[in-house]
Amino acid sequence: MRDALWTALKTVNDPELHRDLVSLGMIERAEIEGNVAHVKVNLTTPACPLKGQIEGDVRAAVLRVPGLQDVVVTFGAMVRPPAQPALPGVKHVLLVGSGKGGVGKSSVAVNIAASLARDGARVGLMDADVYGPSVAHMLGQGAARVTANAERKMQPIEAHGVRFLSMANLSPAGQALVWRGPMLHSAVQQFLKDAAWGDLDYLIVDLPPGTGDVQLSLTQTIQVTGAVLVTTPQDVALIDAARALDMFRKASVPVLGVVENMSYFVAPDTGLTYDIFGRGGSRKLGGLPLLGEVPLDVEVRQDADAGLPAVLAHPESPAAQALTQIARNLAGRVSVQALSHLPEQLPVV
């Protein structure tokens, strides 16, 4: 019967990777006690967007085995590193960029990081928007100062389960940074390599707007798993987003998907939906996967000003649910990217 159980599990495919769970090495344990099967599935990310589907498919397959009357499915998770990890201890570096300012890029980056951390991933957030750092404020740590550890490395600040570094925590509040390219490059290098990030599944990098020195320094310094483009739906934003897309492609950085922010507005008094900036424009960006559409929501702004990401402050709101799903969709895309190099059959644990 045990052989029949493993045979049944070989018929269950990961919905995103389109390979069976056994060949992917995702079945950690499959045992039988009496007429009950106990199966533990090791997901490729704690933020797996299709966990419920996998559980249902496992149950359906196992219950077709003669003699089994029930199945107990449990889950673990292990984020698989790419063939070439980005930094020591850091499995994946993910860039969040936009072609222009004002599209809510930093808010999306903060909420993606907070959502992945809430789901159980080890997450870092690097505020590379040196001229306009806002991550610290959005995480409620604007007054905190970066310190050094015993090895004289910068110690990231932790908030809401996310380790982060921002220039806002290194320079006096309100002080303008009038820096040229070499100084920006040096700052990026220090944030990446002179910081004690520790072991991370994902390091989210909030890029400055545009296609300038910081983006060039990052893409030439480390191996980046992929990028996310944030845009609003109107053509004037999409024109600049297309430039950012071209930059990533020229730098050989895979673009994992696009987030359409401020996609629509639902009036709280009438429930009517208004497409203030148009809607669906992000689908014009070269056929990129759409990670999600985030509605224009006053609570997202209020939560950012209060230093608590919307996915934590108002998790049931439409905007927070959209941001949560975006984070999970992104984690799924990263898993597909990381596992694309695997052999056809992995050893069974």
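I count two residues as in contact when heavy atoms lie within 4.5 Å. With that rule I looked up serine 106, leaving aside neighbours within four places in sequence, and found contacts with Ser134, Met138 and Asp206.

**Ground rules.** The model is predicted, so I note that local features need pLDDT of at least 70, side-chain atom pairs count only at pLDDT 80 or more, and totals for chains, interfaces and linings use all residues. Residues are numbered from 1 along each chain as its sequence is written, and side-chain values use heavy atoms, with hydrogens and water left out.

**Whole chain.** I began with secondary structure, taking helices (H or I, at least four residues) and strands (E, at least two) as DSSP runs numbered from the N terminus. The protein chain has ten helices and 15 strands. Its radius of gyration is 22 Å, close to the 20 Å from the globule rule for 349 residues, so the chain is as compact as a globular protein of that length. That radius is taken over C-alpha atoms, and the rule is 2.2 Å times the number of residues to the power 0.38. The C-alpha trace spans about 70 × 60 × 35 Å along its principal axes.

Among contacts between residues at least 6 apart in sequence, 74% join residues at least 24 apart.

**Burial.** I call a residue buried under 20% relative accessible area, exposed over 50%, and partly exposed in between (1.4 Å probe, protein chains only). Of the 349 residues, 53% count as buried.

**Recorded site.** I then opened the UniProt record. Its unreviewed entry lists Gly99, Lys100, Gly101, Gly102, Val103, Gly104, Lys105 and Ser106 under "binding site". UniProt positions are given in the numbering used here, feature names are shortened, and annotations may be inferred rather than shown by experiment.

Valine 103 sits in the loop between β4 (90–97) and α3. Valine 103 is buried, at 2% relative accessible area. Not counting residues up to four places away in sequence, valine 103 touches Ser98, Val230, Thr231, Thr232, Asn261 and Met262. Serine 106 is in helix α3. Serine 106 is buried too, with a relative accessible area of 9%.

**Further along α3.** Which helix holds serine 115? I find serine 115 in helix α3, residues 105–118. Is serine 115 buried or exposed? Serine 115 is buried, with a relative accessible area of 0%. With neighbours within four places in sequence left aside, serine 115 is in contact with Val311, Thr324 and Ala327.
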